[in-house]
Amino acid sequence: MTNLQQLNGDLAKKLMKEGLNNPQCAYAGKFVGIANGNVVAVADNWDELARRLHQVEPDPAKTCALEVGRDYDAVQEIWGLH
Amino acid sequence: MPRSQWPLRNDRPSIQITLTFAQGSGPTARDLLADTGAGNAQASFELLLEESDCLMCGGTPAQTVVLSGAYAGTHPIYLVRVRLPNLGFDHVLPVVGVPAVPAGFDGIACFRFLNRFNYGNYGDSGQFGLEL
């Protein structure tokens, strides 16, 4: 992981935590794009977010995205295929 | 309502999606296992694909998810454009990138994705369909 990805990831984790602890926070329910350690795009759905984020930073490796309020820590089960 | 139906694949329900790779190749079809038991309606992802497919599509990193069962462990999520041309479906979706997919399939369409549609065999036990 690069320093930039770490920076983006740290901000994403902070926003995720805020979103789960405070449903009234600034980005609650929003789709947020981060590039170069900053929030650079906010949207109401993934389609819009992806478009805006690509306009700001075309290199996906320098970006990350999250849905604020979605519980990314919840363990999801995928059954096996036998 | 527009409907798409696909033959069962290895006797299991299957759907076909279209991906768009970033490096200029044309649309690429992927056959997915339609699995209502994969994840729940609140999952942070809608599909599972090979991570290499996510990267070839220029997927934006979108956090990680912890899975149990067949894919136990932490896996990355990417934003990937997914199309179902016959249904006019064209959206960017959160997709888990995994190192390997079920034999005979290119990935898994999880419950949160299938739940966007009406789904079933529509009276033909040899097929599986989605209706929008």
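This is a predicted model: local features need pLDDT of at least 70, side-chain atom pairs count only at pLDDT 80 or more; totals for chains, interfaces and linings use all residues.

**Walking through the two chains**

Strand E2 of chain B, residues 14-20, pairs with E3(B) in the antiparallel sense over seven bridges. One of the residue pairs to look at there is B:Thr18, whose bridge partner in E3(B) is B:Ala29. Between the two strands of this hairpin there are six residues, and B:Gly24 takes a positive phi near 80°.

As a reminder, strands of a sheet pair through backbone hydrogen bonds, either parallel or antiparallel.

Staying in chain B, there is an open sheet of three strands with the order E1-E10-E9 and antiparallel pairing. Why is one side of E1(B) and of E9(B) left without a neighbour in the sheet? Strand E1 (3-7) and strand E9 (118-120) of chain B are at the edges and each has a single partner strand, so one side of each has no neighbour in the sheet. From one strand to the next, the twist averages 10°. E9(B) is joined to E10(B), residues 127-131, by three bridges, and the two run antiparallel. Within that pairing, B:Tyr119 stands opposite B:Leu130.

Now to chain A. Its secondary structure comes to two helices and four strands, and from the N terminus on the elements run α-β-β-α-β-β. The C-alpha trace of chain A spans about 45 × 35 × 25 Å along its principal axes. Of the 82 residues in chain A, 33% are buried. If you take the contacts in chain A between residues at least 6 apart in sequence, 48% of them join residues at least 24 apart.

Chain A has an open sheet of three strands too, in the order E2-E1-E3, again with antiparallel pairing. Its edge strands are E2 (38-43) and E3 of chain A, each of which pairs on one side only. Ignoring direction, neighbouring strands of this sheet are turned by 25° against each other on average. E1(A) and E3(A) run antiparallel and are joined by five bridges. A:Ile34 has A:Cys64 as its bridge partner in E3(A).

What packs on this sheet, touching E1 and E3 of chain A? That is helix H1(A), and its direction makes about 10° with that of E3(A). The other helix to point out is H2 of chain A, residues 46-56, which lies across E1, E2 and E3 of chain A and runs at about 140° to E2(A).

Which residues of H1(A) are buried? They are A:Asn8, A:Ala12, A:Leu15, A:Met16 and A:Gly19. These residues cover an arc of only 105° around the axis, which puts them on the same side of H1(A). On the face turned away from that buried side, the exposed residues are A:Asn3, A:Gln6, A:Asp10, A:Lys14 and A:Asn21.

The buried residues of H1(A) pack against E1 (31-35) and E3 (63-67) of chain A, together with strand E5 (60-69) of chain B. That brings us to the contact between the chains.

The contact takes 28 residues from chain B and 20 residues from chain A. On the chain B side, E5 and E7 (89-98) each supply at least two residues. Which strand gives the most to the side of chain B that touches chain A? It is E5(B), with 10 residues. By class, that side of chain B has 16 nonpolar, 12 polar and no charged residues.

Strand E4 of chain A, residues 76-78, runs parallel to E5(B), and three bridges join the two. A:Gln76 has B:Leu67 as its bridge partner in E5(B).

To recap E5(B): buried residues of H1(A) pack against this strand, and E4(A) is joined to it by three bridges. That is where I will stop.

Notes: Residues are numbered from 1 along each chain as its sequence is written. Chains are lettered from A and ligands numbered from 1 in the order in which they are written. Two strands pair if DSSP finds at least two bridges between them. Axes are lines fitted to C-alpha atoms, for helices over the stretch in contact, and angles run from 0 to 180 degrees between N-to-C directions. A residue is buried if 20 or more other C-beta atoms lie within 10 Å of its own, exposed if 12 or fewer, and partly exposed in between; C-beta atoms are placed from the backbone. The arc is that of the directions from the helix axis to the C-beta atoms. Two residues are in contact if their C-beta atoms, placed from the backbone, lie within 7 Å. Ala, Val, Leu, Ile, Met, Phe, Trp, Tyr, Cys and Pro count as nonpolar, Asp, Glu, Lys and Arg as charged, and the others, Gly among them, as polar.
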